[in-house]
Each structure stands twice: as C-alpha cells, then as structure tokens.
Amino acid sequence: MWRLLTRVCPRVTGSQALAGLRGLSLKTSPELKVCIVGSGPAGFYTAHHLLKYRESAVVDIYEKLPVPFGLVRFGVAPDHPEVKNVINAFTQTAHHDRCSFYGNVNVGKDVSIEELKQAYHAVVLTYGAEANRTLGIPGENLLGVYSAKTFVGWYNGLPENRKLNPELSSETAIILGHGNVALDIARILLSPIDSLRKTDIAAHALEAIAASKVKRILLVGRRGPLQVAFTIKELREMINLPDTCPLLHPSDFEGLKHIVKDLPRPRKRLTELMMKAALEKPSGKEAERRATACKEWGLQFLRSPLEVIPSNNGKRVAGIRLSVNKLEGLGESAKFVQTEDVEDLECGLMLSSIGYKSYPIDPSVPFDQQQGIIPNNLGRVLHAPGLYCSGWVKRGPTGVIVTTMHDGFETAESVLEDARLGALDVSASKGGFQIMEALLKKRGVHPVSFSGWQKIDNVEVANGKKAGKPREKLLDVQEMIEVANQ
Ligand code: FAD
Ligand code: NAP
C-alpha cells in the first residue's frame with residue numbers, strides 16, 4: 001500500500017505518504033499545538049512521532065529540571081554510556097523547527113494542568129515515576145537504609161540527592177529486589193574504581209566508592225530463580241565483573257534442571273546462565289579469577305523483608321529479618337507465601353530496590369493510587385478530553401527505553417487520531433507558549449531553553465575533560481540556570 005501510494009504520486013516522500021495514509025498531516029490541516037510534560041524518553045518519543053506524522057503539529061516540552069532526558073541522564077548507569085546514545089536522537093527532535101524545550105518549569109507547581117489545557121489543544125503527561133515504593137516495615141528509616149531511587153540519583157548527580165552521603169563503611173550490603181536496578185547498584189558498588197573513573201559518575205560518588213569498605217553484596221528476592229526481574233545481559237556483566245566472585249547456592253538451582261528446557265527462550269537462557277554460575281565448577285582462568293577475587297556477591301531467593309534490625313544504639317541498620325517463603329503456582333506468575341520461619345542477616349548498608357512509583361502532580365488529573373498510574377486508554381486519560389499520558393506514568397515503572405518508545409508512539413497516535421476524527425477540537429487556534437511565558441514571568445519562573453541546556457552541556461563536557469571523564473555533571477539547579485543564562 002505504501003509503495004503503491006508513492007508510485008502513483010512520485011513527488012510525495014515516504015513519510016508524507018505514510019502520514020497521508022494515516023489521514024493526518026499535511027500543511028493544510030489546522031495547527032495542532034501540543035504540550036508535553038516531562039523530557040524523558042516518553043516525552044521525546046511522543047514529540048518525535050507527533051512532529052513526524054503531522055506537519056502542522058507544534059510541540060512544546062516542559063521539564064521540571066533545567067536539563068533534559070529524565071532517567072537517561074539520572075537513572076541509566078554511568079558505566080552504560082552506549083544506552084545514553086538515545087540522547088542524540090532526542091537532541092535532533094529538540095532541534096526540530098516545530099519543537100521547543102522549556103526547562104526549569106515544574107508543572108503542578110509553577111503552572112497548573114488547567115492553564116496548560118487552556119493554552120494548548122492537547123497536553124501529554126510524561127512525567128515518569130519520581131518516587132519509590134516503600135517496604136512498609138519497621139526500621140525502614142534507620143541510618144544506612146536507602147531507596148534505590150535515592151542512591152541511583154546520588155551517583156548520577158541528581159540535584160536533590162547530591163547530599164546523600166551514604167554510609168559505605170561496612171563490609172556487607174544487602175540489596176532488596178531482583179530487578180535490573182538492583183544489579184546496577186551492586187555493579188557500581190563492586191566495580192573496579194579505575195573503570196568508574198572513566199564514566200560520568202558524579203565526582204562525590206566516585207570519591208565515596210573509592211573509599212568504600214563494601215566487599216560483599218547479597219541481593220535478596222522474595223520469589224525464586226524463575227521469577228527474577230533482571231535480564232541476561234546485566235546478569236552476565238555481574239558474573240564477569242573483575243575482582244568479584246559470584247556466590248550462588250547450588251541447592252537453589254538443582255531442582256530446575258528438568259524444567260529449564262521448556263521455559264520461554266529469554267527466561268531459559270537467563271536461568272541457564274544462573275545455573276552455570278551456580279552448578280559448574282570453574283576451571284582455568286575463571287577458577288583463578290574467582291579464587292583471587294577480593295569481593296563477592298550472591299543471590300538469595302524466597303525471602304521477604306520483615307524488619308530492619310537496628311544497631312545497639314537504635315540508630316543504624318545492623319541487619320534485616322526476613323521471612324522464609326515458599327512459592328505457590330508455576331512460572332513467572334508464581335506467588336510467594338510467607339512461612340513461619342525467619343532468618344536474620346547482618347549488614348551495615350541496606351538498599352531497597354523494589355521499584356519506582358508515580359504520584360499525581362495536579363489534583364485535576366485522574367490518578368489510580370492503587371496502580372500508581374494515570375488511568376488511560378491507549379494514552380487517552382479517562383474522562384479528561386484533551387489530556388493524554390505516556391511512559392512510566394501511563395503504564396507503571398517497568399520497561400526499558402525501547403518499551404517506552406513504543407508507548408510514546410502509541411500515545412502520539414491517539415492524539416493524532418483524535419485530532420483527525422474531531423474528538424480533539426483543533427478548530428480554534430491556541431496561544432501555546434506565548435500565554436505560558438506571560439504567566440511564568442508573572443510568577444518569577446524563568447524557563448531554560450534547549451540552547452541554554454547546550455551551554456550547560458558544554459560546561460559539563462569541558463569539566464569532564466579535565467578529569468578524563470565524558471562529563472562532570474553540574475549538581476546545583478541554581479548553577480545550571482546561571483550557566484544557561486550566560
Ligand atoms: P523519565 O525518564 O523518568 O522522564 C520523566 C521526566 O519528567 C523527567 O525528566 C522529570 O524530571 C520530568 N518531570 C517530573 N515531574 C515533572 C513535573 N512536575 N513537571 C515537569 N517535568 C517533570 N532502560 C534501558 O533501556 N536501559 C537502561 O540501562 C536503563 N537503566 C535504567 C536505570 C534506572 C535506575 C532506571 C530507574 C530505569 C532504567 N531504564 C533503562 C528504564 C528507562 O529509564 C525508562 O524506561 C524510561 O526512562 C521511562 O521514561 P519516562 O519518560 O516515562 O520517564
Ligand atoms: P523491577 O524490574 O520491577 O524489579 C523490582 C524487584 O523488586 C522485583 O524483584 C520485585 O519482586 C521486587 N519487589 C517489589 N516489591 C517488593 C516488596 N514489597 N518486597 C520485596 N521485593 C519486592 O524494577 P526495577 O529494578 O526498579 O527496574 C525498573 C525497570 O527499569 C525495569 O523494566 C528494568 O528492566 C528497567 N531497567 C533496565 C536496565 C537495563 O536495561 N540495563 C537497568 C535498570 C532498569 P517481584 O517480582 O516478586 O514483584
């Protein structure tokens with residue numbers, strides 16, 4: 001069909017043809033002014049799709065921080081620079097002549113959603129999941145207990161976490177959760193410091209990790225080896241981490257030998273890798289590597305946190321009390337059931353990596369507290385015409401950047417379809433940023449443009465160069481704004 005259209009009408013380009021097919025575009029269609037709240041992957045991919053498939057779409061992206069890219073900047077591990085290459089594509093989108101970026105605008109505080117709705121035909125909420133799930137157990141707030149979100153923010157230079165100053169003076173750390181964030185944290189804590197020096201890890205974190213005494217990390221999950229949430233690439237990296245030795249109990253895996261062949265392929269390969277590390281005796285160089293390793297890490301299964309055990313003075317974490325669980329059901333959906341048995345483990349550092357969480361930013365927007373998402377149908381916020389959502393705030397805090405990309409495209413399609421079919425009224429023109437600019441000025445808020453961000457970027461890259469790193473992030477919002485305004 002696509003080919004047919006381009007052949008009949010040879011001067012139509014591929015994307016125009018596709019857009020035409022979707023009944024969208026072209027320049028004759030009325031202007032569609034869209035505001036996007038949040039500049040992570042969901043924001044940029046939604047913007048990209050809108051701009052690509054509707055030539056009359058104008059997109060303004062509002063971001064709370066003076067700097068863009070959300071978790072690509074503040075979540076993705078510093079030793080995974082290749083993942084951050086998506087920033088190049090986002091930068092291209094930001095440079096599109098119908099796209100603008102307004103950083104340093106905290107939607108819900110500086111402007112309300114209602115005000116944005118007045119100024120734009122459509123508002124797309126892509127503000128992610130900025131809180132963390134809590135354990136809800138005694139002792140969770142003791143010194144030495146941190147959420148993964150805070151700890152990741154600390155080593156990635158998130159302004160609000162820069163002063164965390166975590167306690168890294170004990171040899172044993174426990175990480176609760178068997179997801180990729182848990183593995184990221186374990187890897188960063190155990191990596192050879194010289195390899196971290198070449199990354200964009202925040203200088204304060206590099207210094208603290210260089211002095212860290214942590215040499216043993218136990219990752220505790222409430223279910224079994226067939227239910228872990230981390231993926232094979234991240235596990236392999238952990239197994240091969242220089243100067244570390246994996247400690248996996250053979251007894252956790254022996255019963256799986258007859259099941260593994262029937263598992264779906266990704267789960268099968270992941271389980272086989274865990275079984276290999278647990279059950280096969282290493283030989284040659286690998287045996288030597290493990291024997292001489294100074295640090296170790298392990299996976300503990302079927303344990304749920306019950307209580308953080310305080311130190312003698314009652315102030316710090318000294319350990320954790322876990323319930324011993326059993327599983328009910330099979331496969332990925334198997335449920336854990338606590339037994340009467342408990343187990344105490346000692347540790348001086350505890351990180352709770354049990355997932356992020358979204359919260360409502362404006363009382364006028366429907367929010368499902370139970371699921372921690374904005375209730376929606378293909379990105380259309382329920383009972384709120386003109387309002388859309390995408391990314392983690394739309395479907396919950398799971399999924400990699402590619403998942404978020406598809407999600408952004410899906411929401412953009414919903415906006416375009418509604419504009420095309422009349423569900424979104426685009427007959428009257430909207431003031432867009434002109435209106436917001438006046439409002440923000442009155443409120444003393446000064447947005448940072450994309451060129452302002454690029455000044456920050458230049459300073460960070462230059463500072464990084466001096467230290468032999470790709471960048472040294474600015475940590476202070478005020479300083480970022482000053483650099484952007486130079
Ligand atoms: P976010 O990336 O969180 O973006 C939300 C944006 O909204 C932020 O910029 C935020 O500042 C802004 N915002 C929040 N509130 C407001 C407000 N009130 N007003 C204006 N703006 C606001 N995926 C991979 O593929 N590879 C990885 O290696 C990887 N590593 C990860 C590591 C960690 C620690 C985490 C947590 C996730 C990782 N992911 C990774 C997953 C990936 O980061 C997510 O899929 C993706 O970032 C979700 O995109 P989002 O746009 O929904 O949210
Ligand atoms: P996640 O993948 O959802 O893992 C959360 C873990 O916490 C699971 O093991 C879960 O166990 C456990 N958990 C949840 N509630 C718990 C509780 N109350 N008590 C004990 N354990 C509990 O979340 P994440 O690790 O934060 O990662 C978020 C997303 O980002 C994922 O999609 C991940 O793949 C992605 N990410 C990707 C990369 C990468 O590609 N390198 C890196 C980081 C993050 P149950 O399974 O039993 O619920």
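## A walk through the predicted model

Let's begin at Arg420, which is partly exposed, with a relative accessible area of 37%; here buried means under 20%, exposed over 50% and partly exposed in between, with a 1.4 Å probe and protein chains only. This is a predicted model, in which local features need pLDDT of at least 70 and side-chain atom pairs count only at pLDDT 80 or more, while totals for chains, interfaces and linings use all residues. Residues are numbered from 1 along each chain as its sequence is written, chains are lettered from A and ligands numbered from 1 in the order in which they are written, and side-chain values use heavy atoms, leaving out hydrogens and water.

Arg420 sits in helix α15; helices (H or I, at least four residues) and strands (E, at least two) are DSSP runs, numbered from the N terminus. Between the C-alpha atoms of Arg420 and Pro264 there are 41 Å in space, and the two are 156 residues apart in sequence.

Helix α15 (401-421) also leads us to ligand 1: together with α3 (41-53), α4 (70-74) and α8, α15 belongs to the elements that each supply at least two residues of the shell around this ligand. The shell has 32 residues, of which Glu63, Val107, Trp392, Gly399 and Ile401 come nearest; to be counted, a residue needs a heavy atom within 4 Å of the ligand. By type, the shell holds 17 nonpolar, 11 polar and four charged residues, where Ala, Val, Leu, Ile, Met, Phe, Trp, Tyr, Cys and Pro count as nonpolar, Asp, Glu, Lys and Arg as charged, and the others, Gly among them, as polar.

Now look at the oxygen atoms of ligand 1. One lies 2.9 Å from a side-chain N or O atom of Thr404, and a polar backbone atom of Gly70 is 3.4 Å from an oxygen of the ligand. The protein buries 93% of the 1,000 Å² that ligand 1 exposes when taken alone (Shrake-Rupley method, 1.4 Å probe).

Ligand 2 has 19 residues around it, and His178, Arg222, Arg223, Glu234 and Gly399 come nearest. Helix α8 gives the largest share of this shell, three residues. Its make-up is seven nonpolar, eight polar and four charged residues. A nitrogen atom of ligand 2 is 2.8 Å from a polar side-chain atom of Glu234, while a polar backbone atom of Gly399 lies 2.6 Å from an oxygen atom of the ligand. Alone, ligand 2 exposes 920 Å², and the protein buries 80% of that.

Beyond four places in sequence, Ile217 has contacts (heavy atoms within 4.5 Å) with Ala173, Ile175, Ala186, Leu189, Leu190, Glu296, Trp297 and Gly298.

We finish in strand β12 (residues 317-328), where Ser323 is found. Ser323 counts as buried because its relative accessibility is 1%. Its side chain makes a polar contact of 2.7 Å with the side chain of Asn325; such a contact is a pair of N or O atoms within 3.5 Å, and within protein one must be able to donate a hydrogen and the other to accept it, with residues adjacent in sequence counting only if both atoms are side-chain atoms.
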